[in-house]
Number of protein chains: 2
Amino acid sequence: MYKIIELENGLEHVRGFYCGATHVGMRPDKEQGDVAFIRSDVPCDISAVFTSNTFQAAPIRHFLQYPNNFQTNFVLMNAKNANAMTGEQGIEDIEHIMAALAKKRNVLNPVMSSTGVIGYRLPLDKIISAFDSLDFNAKDSHGAARAIMTTDSFKKELAYKIELADGSSFHIASICKGAGMINPAMATMLCFIATDADIPKHDMDAFLHTSTEQSFNRISVDGDTSTNDTVMLLSNKKSGVYHQKAFLEALNKIMFELAMMILRDGEGANKLVAFEIKGAKTQEEAKKASMALSNSLLVKTALFGEDPNWGRIASTIGASGITCDEKTLTIYYDDLLIYSDAFRELDKEREAKAYKIMKQNAFKVTCDIGTGDACYTSYGCDLSYEYVKINAEYRT
Amino acid sequence: MYKIIELENGLEHVRGFYCGATHVGMRPDKEQGDVAFIRSDVPCDISAVFTSNTFQAAPIRHFLQYPNNFQTNFVLMNAKNANAMTGEQGIEDIEHIMAALAKKRNVLNPVMSSTGVIGYRLPLDKIISAFDSLDFNAKDSHGAARAIMTTDSFKKELAYKIELADGSSFHIASICKGAGMINPAMATMLCFIATDADIPKHDMDAFLHTSTEQSFNRISVDGDTSTNDTVMLLSNKKSGVYHQKAFLEALNKIMFELAMMILRDGEGANKLVAFEIKGAKTQEEAKKASMALSNSLLVKTALFGEDPNWGRIASTIGASGITCDEKTLTIYYDDLLIYSDAFRELDKEREAKAYKIMKQNAFKVTCDIGTGDACYTSYGCDLSYEYVKINAEYRT
């Protein structure tokens, strides 16, 4: 038996990890910072999942130049500049920055992670100036989480302590950023997870992939996929303790909770909606229909308008290309049956209930396709005026 | 040789066709009308292209119950109610309406077409009351075009006279509606084309499909696909004249111009943008990348913000899953090179030019993938606050 206990704050709980941030002038707000780091006092194993975008940003291509199963003790992060579509120069710039870092500290295979505007070279002098002002012995998880924010309206951190029956324990904690551009293929989000569990590398790789599929790949803000998406898991084994089942449960939990935070912070979004497909012919079809709902502009605007218009839900299912039939389909808002072949038009009472459900800031839409046993749930949010405003004005 | 001459107004030019509209109280605005008809004084051949949505609306399912190559002399249209997701009842309701019509007039295989809210039965008595007030001998193309509008901000009509070298001529004309929900698979648009050309049925079928592929299937407002999309071509042969090449050119022209009208009327849209992909490995990949651009929320909001942010264009190409490489890619706004491997960051002069191009209400984005010879162009529009407003409040 084991217990998963949620702790306050973030990365500072994990043995041997240090983190912090500074401000080098990449953005006007000094308080927020723009360059951050995570380091471990002993070498870490590292696993990563990167964007499916063909134009992977320079920090990802730089990471992939290291040999398989390399170890590292340092992750450098920056906001405001994605270092994407910057060609070979983008990688050379990272190497230049890391050479400057190596003059200050004993770093092993340092990696970088960036978020911001595409197509501009990193300001090298500014970023290198960070190495004079950063406190490398800080445990400032708040500062690091704040410094990597872009259009995020709140910082995202989580930490768990896992206590085993024999009283031993290990930790898993994360900082994360992401608000817009989040889609099934986890666009423009960065997530750094640190653990002191004594986890073998092959478990890290396997679990990071399955947990990503259960979390970040199930959320959609606007269906776009960025050049920089990254989920990293660092383990320095300092607790000397490991419990496979407990670790996987904690990892799933931390990544799912972070994904929900990102969705709640969807640019201009006010509502979090789960789209559950049941009774589909295949798992693939269930996923296709579920993602079609969480990506549909018409569904998103209906959510924002709090209009219990099940017609848009049904139409999106019909347009998704899956096997379906209006005679076997049923649609629920939370537990309220809102469409079935038996009754099509909402009576006043049912409509009033539907309005009430849609006024909540989180609810579930369930579509039972009625042609099989497969199911899939994805998570979406509404689309508001604010989304358009934020994205029209992003660069300015 | 032949000449294609654009005429004022719409359907009234086509020999033997009559059209008009009335108001039966389905919407408050009496002036606009809500029920319309098109009829021919002799039987017509009819070809149609319908939505790819699995949940085809009742009028489409009713149409498809007629035998292959049936002839008709009457099309009834209504706004405000899609008669979609109404099951068998939806078809019975149409049959009931058509039986009432048959008591008044000698109709042959009448067909129906509806647009509006999903999931409600047609108000039978209201629609049947139209048969008392409609003037069946009218040639009121304006009235019919206005009555079928939903979120359209202007009515859509076009008419061409095709003059052949020997002085003989035929006509082709159309009324059309559509503004929101338009996507590659031509969502919630209705288009009725009438011709007096002596065109064989197999040409009608073939040409309607290829012209749809070149026009309505290349435009995207929001990537959704409705239950009711319909393009119909009616021919009564009354001119006794036909010229295959001239007819096809005129049909392509009328459908392309109508598609551009729909796009210009995209809900809340201000800009019309052509997304041309060149140099792709295959035609399929060119189409995939082009449609990804015209459907991307981030590209759409950048267009609205008039931000020459080529990063979002590049990122969308990279995310589309096609074969591409940032080294061979070039991006142009109109004729202005805005990205190539040779230079990434925009100088001030080029950026100023880019701003100017984006301020136009129509321009072209060209991406040369640089890996092959295939090309494809689709057409999109920007996404504004208005889009969200219109769609959040649609039903109310």
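Modeller: The elements that cover the buried residues of α2(B) include α1 (58-63), β5 (111-114) and α3 (124-133) of chain B. This is a predicted model, and the description should be read accordingly. The residues of α2(B) that are buried are B:G90, B:D93, B:I94, B:I97 and B:L101. They lie on the same side of α2(B), because the arc they cover around the axis is only 95°. On the other side of α2(B), the exposed residues are B:E88, B:A99 and B:K103. The length of the helix can also be checked: at 1.5 Å a residue, the 18 residues of α2 of chain B (residues 87-104) should span 26 Å, and the end C-alpha atoms are 27 Å apart, which agrees.

For reference, helix α5 of chain A may be examined in the manner just used. Its 14 residues (residues 201-214) should span 20 Å at 1.5 Å a residue, and its end C-alpha atoms are 20 Å apart, in agreement with that expectation. Buried in α5(A) are A:M204, A:L208, A:S211 and A:T212. These residues cover an arc of only 100° around the axis and are therefore on the same side of α5(A). Among the elements that cover the buried residues of α5(A) are β3 (35-50), β10 (230-235) and α6 (244-264) of chain A.

Notes: Residues numbered from 1 in each chain as written. Chains lettered and ligands numbered in written order. Predicted model: local features only at pLDDT ≥ 70, side-chain atom pairs only at ≥ 80, totals over all residues. Helix = DSSP H or I, 4+ residues; strand = E, 2+ residues; numbered from the N terminus. Expected span 1.5 Å × (residues − 1). Buried ≥ 20, exposed ≤ 12 C-beta atoms within 10 Å, placed from the backbone. Arc of directions from axis to C-beta. Contact = placed C-beta atoms within 7 Å.
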